[in-house]
Each structure stands twice: as structure tokens, then as C-alpha cells.
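Work through the exercises below with the sequence and the structure at hand. Each task is followed by a solution in steps.

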Amino acid sequence: NVYADICPDPQTTSLQWGAPPAPWQDNPYSPNRPQGDEKTTFFQANILKAGMGQGVVCVYETSEGRFSIWWQVRVRLPSPLETQWVSDFGGYSCQQSLGECTFTTIRR
């Protein structure tokens with residue numbers, strides 16, 4: 001099954017109190033842990049590439065710095081027509097608004 005998804009909204013999900021909503025998890029490589037901060041904003045989304053897309057990382061900005069969460073899921077790699085996604089080392093990044101950084105997950 002194929003689904004269009006976006007990163008969790010830090011104002012309307014459990015991120016508002018510092019907990020990634022399932023199936024998202026703390027990114028162990030994030031410089032900071034998720035924090036409940038009313039000023040948290042979405043910063044960027046990254047599709048991790050390893051052959052076929054293997055996950056998504058969502059980065060947020062708070063008054064204390066940035067943190068990220070990730071979801072290990074198969075992801076369709078963006079086409080060249082999806083100009084919001086820019087190819088970079090290891091995958092793709094989107095620095096548009098939360099709603100514009102839509103990605104497609106492939107779940108069984």
C-alpha cells in the first residue's frame with residue numbers, strides 16, 4: 001500500500017510535549033532530544049536513500065536548538081518533477097513548509 005505522508009506537526013501532535021508520535025522515534029544521531037516548546041517549528045524533511053528510500057528524518061527548530069525524529073519505512077524516491085525535494089548526499093531534502101514536504105511511504 002502507498003500513502004502520502006508529512007512530518008508530524010509540532011503544534012498538533014504529541015511533539016508539543018516532546019514525544020514523537022508513533023511510528024516516529026527519537027533520532028539517536030540528533031544533537032538534541034525532542035522538547036515540548038510552544039515555539040517549535042518544522043525546519044526540514046530528509047528522505048534517506050539506500051537503493052530504495054529507507055526512511056524519513058524530520059528536523060525541528062526550538063529555542064534550544066534543533067532536534068530530529070525518524071521513521072524507518074520504505075519511501076518512494078522523489079521524481080525530478082517534485083521540485084520541493086533536492087537531491088543531496090545520502091538522499092533528498094525539503095526545506096519548504098511542512099505541508100509541501102509530502103513524501104510517499106510504501107507499507108505492507
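**Exercise 1.** Which residues form one aromatic cluster?

Solution. The model is a predicted one, in which local features need pLDDT of at least 70, side-chain atom pairs count only at pLDDT 80 or more, and totals for chains, interfaces and linings use all residues. Residues are numbered from 1 along each chain as its sequence is written, and side-chain values use heavy atoms, with hydrogens and water left out.
Step 1: apply the pairing rule, by which rings of Phe, Tyr and Trp (its six-membered ring) pair if their centres lie within 6.5 Å; planes under 30 degrees apart count as stacked, over 60 as edge-to-face and the rest as tilted.
Step 2: read off the cluster, which is made up of Trp24, Trp71 and Phe103.

**Exercise 2.** Find how many aromatic pairs there are, then describe the pair of Tyr60 and Phe67.

Solution. Step 1: the rule gives four aromatic pairs.
Step 2: in the pair of Tyr60 and Phe67, the centres are 5.3 Å apart and the planes make an angle of 25°, and the pair is stacked.
Step 3: Tyr60 and Phe67 are both buried (under 20% relative accessible area; exposed is over 50%, partly exposed in between, with a 1.4 Å probe and protein chains only).

**Exercise 3.** Over which ring does the charged end of Arg66 sit, and over which that of Arg107?

Solution. Step 1: the test for a charge over a ring is that NZ of Lys or CZ of Arg is within 6 Å of the ring centre and within 35 degrees of the ring normal.
Step 2: Arg66 has its charged end over the ring of Phe43, 3.6 Å from the centre.
Step 3: for Arg107 the ring is that of Tyr3, with 4.1 Å to its centre.

**Exercise 4.** Identify the disulfides and describe each link.

Solution. Step 1: counting cysteine sulfur pairs within 2.5 Å gives two disulfides.
Step 2: Cys7 is joined to Cys58, with S to S at 2.0 Å. This pair links distant parts of the chain, 51 residues apart: Cys7 lies in the loop between strand S1 (2-5) and strand S2 (25-26), and Cys58 in strand S4 (residues 52-62). Strands (E, at least two residues) are DSSP runs, numbered from the N terminus.
Step 3: the link of Cys7 and Cys58 is left-handed, with -85° about the S-S bond. Cys7 counts as buried because its relative accessibility is 2%, and Cys58 is buried at 0%.
Step 4: Cys94 and Cys101 form a disulfide with sulfur atoms 2.1 Å apart. Its torsion about the S-S bond is about -80°, so the disulfide of Cys94 and Cys101 is left-handed. Cys94 and Cys101 are both buried.

Notes: Helices (H or I, at least four residues) and strands (E, at least two) are DSSP runs, numbered from the N terminus.
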